[in-house]
Amino acid sequence: MKNFFFVFLLGIFTAFSSVAQQTIIKGSVKDAVTGELIPNVTITIEGTSQFTTTDASGEFVFTENVPLGEHVLSLSKSGYITARFPIVVNQAQTLEITDMFLKIDVSDSPDLFTITLSDDELNDDTSGADNISGLLSSSQDIFQRTAAFEFSSSFFRVRGLDSENGTVLMNGVEMNKMFNGRPQWSNWGGLNDVMRNQEFTTGLTPSAYNFGGILGTTNIDVRASHYRKGGRITYSSSNRSYTNRLMASYASGLVEGGWSYSLSIGRRWGDEGYQDATFYDANSFFVSVEKKINDKHSLNIAGVYAPNRRGKSSPNTQEVYDLKDIRYNEYWGWHDGEKRNSRIKRVEEPIVMLNHYWNLSEKTSLNTNFAYQWGELSNSRLDFGGGANPSPAYYQKLPSYFLADDDAPDLAGAYEAEQNFINNGQIDWNRIYDANLTNNASGNYAAYVLYEDRVDDSQFTANTIFSSELSENIVLNASLNYRNLKSENFAEIIDMLGSTTGYLNRDAFDGFAFDTNNPYFVASEGDKFRYNYNLFSKVYSGHVQALFKYNKIDFYVAGSYAKTEYQREGLFENGANIGNSFGKGSKVKFNGLGAKGGFTFKITGKHLIDINAAYLTKAPSLRNTFTNARSNHDIAGVVNGVNITGDEITEEKITSLDASYIFRSPLVNARLTGFYTKMQDANEVSFYYADGIGGFEDENGIVQTNEFVSEVLQGVDKKHIGAEFGIEAQVTPTIKLKGAASLGQYTYDNNPNFYLSVDDKVVTYGDGTTNLKDYKVSGGPQQAASIGFEYRDPDYWWFGATSNFFSKTYIDVSPVTRTSSFYLDPTDGLPLNDYDPNVARELLKQEQFDDYMVVNLVGGKSWKIGDYLVGFFATVNNLLNKEYKSGGFEQARNANYTELLEDVNNPKRLFGPKYWYGRGTTYFLNIYFRF
């Protein structure tokens, strides 16, 4: 690998040669209001086929076949009024133009591409799939935009990668969470107007702010002086996540004394979204104030506060969907005449930041940033240690349970269960309260409580970003970063549900105390119980990058280093993990290195070749480092201080390559890319209740086959290979055709280490691995295509339509059923007598979901009234109301051959896979007033 990168980088440096003196046109384009340089402006020499685009610095150059004499440059970009500038070109001379300005086109509505992305579509733990569309919404690339706005409802992942592989910045400050590596989109939800100033770099291409991930970097610019002067009021209606939204924003522009400011407030609300009982309640506040001290120094302070609450929805088995419909949600029930959801996600994590901008010279700048984020993230649920499972979809309450009776199908019981589920099928809150009131009368502890799993983070970030144009051809970027996190994690009772006797803080099944320092603590509302611990993380990182720009070739090289340190501190002494849960555990340290490079070879002005490559190592996230942080200090591969797998936890290794052919003309733009990514030595941690696993013994030496387990995969390798294509053609001045496609194959590339743990007990099977090699990686369709058109009338009305096709979507397989546990008897460890390899092969075959097509429509109209603009637009997604599975996972309840075969052969499966379905027909209506 080292040899490959040495040869690759050497090839970059030697891929260009000196160029004789020639005729050149070069210049830059600025915003007429802010004076800021504008990237991605199309520059055309009228009457010729010559055109180019401005780079990230707003600059452009023509070097080949430049026509001599008098000509006109045409400048165009979406959102701006097209401008024309006359020029005179002389042979063997350089014409440099630095005062070309573009004015904002008030008739254009960027909301078409930004407003329809809702928080829950971007990153939602109820969806079953992480969504990267938020990373791509600012891209001008036709494929990236299609992935963001047409493929997002199917949880399509570009190149099969999730959002932890892309970096989101705000004024240069990283917003990705240290717990899981993903951005928390809802931290700035409902602030579309002030979050639209974004700079996006695709994939490995260089960013001026940081090294970035293999999915690219998005920097959200909230600098007050960069907002266009004016205000906007918006009302929206939808049936997706919220039903109403109201937003207002205003930017002052630069005012007397060198001050500028921007303000925004918003509210989103609704009693119910597309799924049953998924209420939405969110407010949003934003302020940014900047003081231009002089031509060299500016200070900006910004604050973001977007508290939100929403009801979550459940994945369900196919049996449940068949009895109800795809809107069904098991998490709610009627209470006092209202729908009450037991699973509520609540986020309150304000952000404040101070930014200093220092122009050391005309060509060198230093940006220093300080940011602090704190607050709460919680997910509520019912605890029923002293009562029956309150879930209305619990397997013993469904028809399948009665049809699977060992003696004979209980048809009467199945019919009664079916009718009860169809007619009721929701949480019985009254029964829960009755159980607690009964326990009050008898002096017993509460049977049920409602509690929150809380994460209270406090994070400080400081960084400095350096940029210098060393010469006409060379730009140097560098950064230094520091992040420090304290994460408080605990469970807190928020409703005693009628109980006055309290809730005993002990495990209801095994009897141990959750905190032996206070073994018989009786918790009530507001108390912490079950678990209580802190996670600490420190990250020191930096990068340096050099960009080289020449007539025929542009290229770059970049390197990065990161030092990461994690530690857990237990505040409870867990009774099942004595000596391994209380106090501070050992520090876990990682060192990450990164190197990347790439070049763009300009065959002609129309034809370009772009190649990028990277190799990097990075620390696993906190989530995938500690395997059961609620109970103990264990890390991946280590249980109670003992190395289980023989392999130490280590950095994840990523190798990524892509090569593109790009065609650009005034009428047609297209890109074809092939890509390859290999990820090695990753960890994956999950939790579930398993039946038939074997290997665990209780204190009396009796084998326990039913346990709530922590499942650990260590040393996971994955391979992502494929191609993506995007094209758009301006066939007439008003009609644009567009198309995009992605063909990928994303698979596990090895059989990783595997073990299960229950507190301080651990079990492995066979050689300690799970046979995942060549299984497909779940998470959205691996193949997708879109074709459509847009019509924009000169009278400021427009509409468009797309047809989108999806295939190769796979279920998330259960690793435990791919171990030797599957064919071994859980009681004696010997092979099962009835094991049939051919039948087993069918049982373990990965489910592929049906292909499907989704049709989307969009249209709108705007009116200019003096200096004001009024307009609306509407979208309809899934016009034909197509039902489709967007994700799902196998349950691990039947973890061996005999039990899984019995379950599959039942009239209805007891523990079939759980699925998420995409939404049916939905709409979004937006009305706005701009002044």
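Tutor: The chain carries 83 positive and 111 negative side chains, and the centres of the two sets are 7 Å apart. Lys and Arg count as positive, Asp and Glu as negative; His and the chain ends are not counted. Each charge is placed at NZ of Lys, CZ of Arg, CG of Asp or CD of Glu.

Student: Where does the model come from?
Tutor: It is predicted: local features need pLDDT of at least 70, side-chain atom pairs count only at pLDDT 80 or more, and totals for chains, interfaces and linings use all residues. Residues are numbered from 1 along each chain as its sequence is written, and side-chain values use heavy atoms, with hydrogens and water left out.

Student: How much of the chain is buried?
Tutor: Buried residues are 56% of the 931. Buried means under 20% relative accessible area (1.4 Å probe, protein chains only).

Student: New topic. How many helices and strands?
Tutor: Twelve helices and 47 strands. They are DSSP runs, numbered from the N terminus: helices (H or I) of at least four residues, strands (E) of at least two.

Student: In what order do β18, β45 and β46 line up?
Tutor: They form an open antiparallel sheet, β18-β46-β45. Strands pair if DSSP finds at least two bridges between them.

Student: Which are the edge strands?
Tutor: β18 (316-317) and β45 (885-889).

Student: What stands opposite N316?
Tutor: Y915 in β46.

Technical notes: Buried means under 20% relative accessible area, exposed over 50%, partly exposed in between (1.4 Å probe, protein chains only).
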